[in-house]
Amino acid sequence: MKRPPELLTSPSNPLIKALKGLERKKERVESGLFLAEGARIVGEGLARGWTAETVVVAADMADRPQIAALVRTAAASGARVVLAPERLMTKITQKDNAQSVVAAFRQRHIAPDALPARQSAAPLYVALYEVRDPGNLGTILRTADCAGASGVILLGTCCDPYSFEAVRASMGSIFDMPFAEASFDTFNTWRRAKGLSLTAASVNGTIRHDAAPFTAPSVIIMGNEQAGLPADVEAACDHLSLIPMRGGADSLNLAQATAIMIYEAWRQRGYA
């Protein structure tokens, strides 16, 4: 007879300490792991073939059909499955309303040329230059996923896509939206070789964002929240576009501006 998952009861348990430690980038870098929360999102990660090292389930929820099915899937994939009371779930996630399932997944780090090929004659990528806010990064992954983008490329020194905040903001798109990391020079060489036009959203834009051509294979590049794009990066772009604004505000949040650009590109493609 198959043994039931082990039950953790002590906050000093080494596994609880290790999982809680993943809130720190140093621990994520050293372990190569990150946390995802919620039965739907954890299930999505497993279904997409991401490797779960450990899955922790709230003990009082383990008998629910959806959770029991997820436990079976996780165990079949080779993950260590354990049960824990709510107080320990809260300790792991640092949230008062802890989710019923928390999992430690193995990270993936790839270069642009390793992005999976998608069935599109005119791929659309999003490049983020030194984005620093993990909430923005996670939201952009989610938006790119919703609009069917081919991938996201993180350029230079970006925030950690595997931080608690970025993973939460992505709402599961961390598992669905392919993303790569590169220096700008490496990225620019790659996109030229693939015949991708490069369009930036910039205060120096010379055309309105909805006049920028996005029907051909393209990359939308967005700059740092405070500094935008440096001059040499803008000089490498094929088009600099400007999102119209009026009123007292002089700028948009990065995630909002990126959503406007992505959806304009999708609109031009007939929302295909």
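When I say contact today, I mean heavy atoms within 4.5 Å of each other. Helices (H or I, at least four residues) and strands (E, at least two) are DSSP runs, numbered from the N terminus. Axes are lines fitted to C-alpha atoms, for helices over the stretch in contact, and angles run from 0 to 180 degrees between N-to-C directions.

Okay, with that in hand, let's look at a helix.

Before I go on, a word about what we're looking at. This is a predicted model, where local features need pLDDT of at least 70, side-chain atom pairs count only at pLDDT 80 or more, and totals for chains, interfaces and linings use all residues. Residues are numbered from 1 along each chain as its sequence is written, and side-chain values use heavy atoms, with hydrogens and water left out.

So, the big picture. The protein chain has 11 helices and 12 strands. What about its overall size? For 272 residues, a compact globule would have a radius of gyration near 19 Å, and the protein chain has 21 Å, which agrees. That radius is taken over C-alpha atoms, and the globule rule is 2.2 Å times the number of residues to the power 0.38. The C-alpha trace spans about 65 × 40 × 30 Å along its principal axes.

Now, buried means under 20% relative accessible area, exposed means over 50%, and partly exposed is in between, using a 1.4 Å probe and protein chains only. By that count, 51% of the 272 residues are buried. And take the contacts with a separation of 6 or more: 81% of them come from residues 24 or more positions apart.

Let's get to the sheets. In general, strands of a sheet pair through backbone hydrogen bonds, either parallel or antiparallel. Here, two strands pair if DSSP finds at least two bridges between them.

Which strands sit at its edges?

Follow strand 11 for a moment. Strand 6 (residues 124-129) pairs with strand 11 (residues 218-222) in the parallel sense, over 5 bridges. In that pairing, Tyr 125 stands opposite Val 219, and Val 126 has Ile 220 as its bridge partner. Strand 9 pairs with strand 11 as well, again in the parallel sense, over 4 bridges. There, Ser 197 has Ser 218 as its bridge partner.

Is strand 11 covered on one face or on both? Both: Ser 218, Ile 220 and Met 222 on one side, and Val 219 and Ile 221 on the other, are all buried.

There's another open sheet, with 5 strands in the order 1-4-3-5-2 and mixed pairing. Strand 1 (6-7) and strand 2 (33-37) are at its edges with a single partner strand each, so one side of each is left without a neighbour in the sheet. Strand 2 pairs with strand 5 (residues 101-106) in the antiparallel sense over 5 bridges, and Phe 34 has Phe 105 as its bridge partner in strand 5. Helix 3 (residues 39-47) lies across strand 2, strand 3 (52-58) and strand 5, at about 30° to strand 5.

Keep Phe 105 in mind, please. A nonpolar core is a set of buried Ala, Val, Leu, Ile, Met, Phe, Trp, Tyr and Cys residues joined through side-chain atoms within 4.5 Å. The largest one here has 54 residues, and Val 55, Phe 105, Leu 128 and Val 152 touch the most other members. Helix 11 gives the largest share of this core, 7 residues. Another core, of 21 residues, lies apart from it, and Ile 221 and Val 233 are among its members.

What does Phe 105 touch, leaving aside neighbours within four places in sequence? Its contacts include Phe 34, Val 42, Trp 50 and Phe 175.

Met 171, in the loop between helix 7 (164-170) and helix 8 (173-176), has a phi near 55°, a positive value in a residue other than glycine. Tyr 271, in the segment after helix 11, also has a positive phi, about 50°, without being a glycine. Both are partly exposed, Met 171 with a relative accessible area of 37% and Tyr 271 with 46%. In that segment after helix 11 we also find Ala 272, and Ala 272 counts as exposed, at 85% relative accessibility.
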